[in-house]
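Look over the sequence and the model before reading on.

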Amino acid sequence: MKEKECPKCHNSQIEKGMIRSGNAVVQMFSYNNARSLSSPISSYYCSNCGYVLGLYVENPGNIEK
Ligand SMILES: [Zn+2]
């Protein structure tokens, strides 16, 4: 999925980023199985105003239910 335009300033330069905590990429885990496989969370943000458009689990199929 790709965001195309910032809803705040209508800039079309949307960049992809990874959400990190220190040196670690923040991961999404199954709520019911925190020891299961996980997936990194990525985000899209506006390169003009910095608005964060959304968070995406990179590999949702990897997360065990
Ligand atoms: Zn913007």
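## Lysine 16 and its contacts

The model is predicted. Beyond its neighbours within four places in sequence, lysine 16 is in contact with Ser42, Ser43, Tyr44, Tyr45 and Glu58. Lysine 16 lies in strand β1. Tyrosine 45 is found in strand β5, residues 39-46.

## The salt bridge

How many salt bridges does the structure hold? The structure holds 1 salt bridge. Glutamate 58 forms a salt bridge with lysine 16. The closest N and O atoms of the pair are 3.2 Å apart. The pair links distant parts of the chain, 42 residues apart. Glutamate 58 is in the segment after β6 (52-57), and lysine 16 is in strand β1 (residues 14-18).

Side chains of opposite charge can pair when their charged atoms come close. The side chains of lysine 16 and glutamate 58 are also joined by a polar contact of 3.2 Å. Glutamate 58 has 31% relative accessibility, so it counts as partly exposed.

## Serine 43

Serine 43 is found in strand β5. Where does serine 43 fall, buried or exposed? Serine 43 counts as buried, because its relative accessibility is 6% and the buried class lies under 20%.

Leaving aside neighbours within four places in sequence, serine 43 is in contact with Glu15, Lys16, Gly17, Ile19, Val52, Gly54 and Leu55. Gly54 also takes part in a polar approach: a polar atom of the serine 43 side chain lies 3.0 Å from the backbone oxygen of glycine 54.

## A nonpolar surface patch

Which residues form a nonpolar patch on the surface? Tyr45, Val52 and Leu55 do, with about 280 Å² of accessible area together. Tyrosine 45 counts as partly exposed, because its relative accessibility is 34%. Val52 and Leu55 are also among the contacts of serine 43.

## Histidine 10

Histidine 10 lies in the segment before β1. Histidine 10 is not a glycine, yet it has a positive phi of about 60 degrees. With 52% relative accessibility, histidine 10 counts as exposed, because the exposed class lies over 50%.

Terms used. Residues numbered from 1 in each chain as written. Predicted model: local features only at pLDDT ≥ 70, side-chain atom pairs only at ≥ 80, totals over all residues. Heavy atoms only, no water. Salt bridge = Lys/Arg side-chain N within 4 Å of Asp/Glu carboxyl O. Helix = DSSP H or I, 4+ residues; strand = E, 2+ residues; numbered from the N terminus. Buried < 20%, exposed > 50% of the residue type's maximum accessible area, 1.4 Å probe, protein only. Patch = residues over 30% accessible without salt bridge, like charges linked within 9 Å, V, L, I, M, F, W, Y side chains within 5 Å. Areas by Shrake-Rupley, 256 points an atom, 1.4 Å probe, with all protein chains shown as cover. Polar contact = N/O pair within 3.5 Å; in protein donor to acceptor, adjacent residues only side chain to side chain. Contact = heavy atoms within 4.5 Å.
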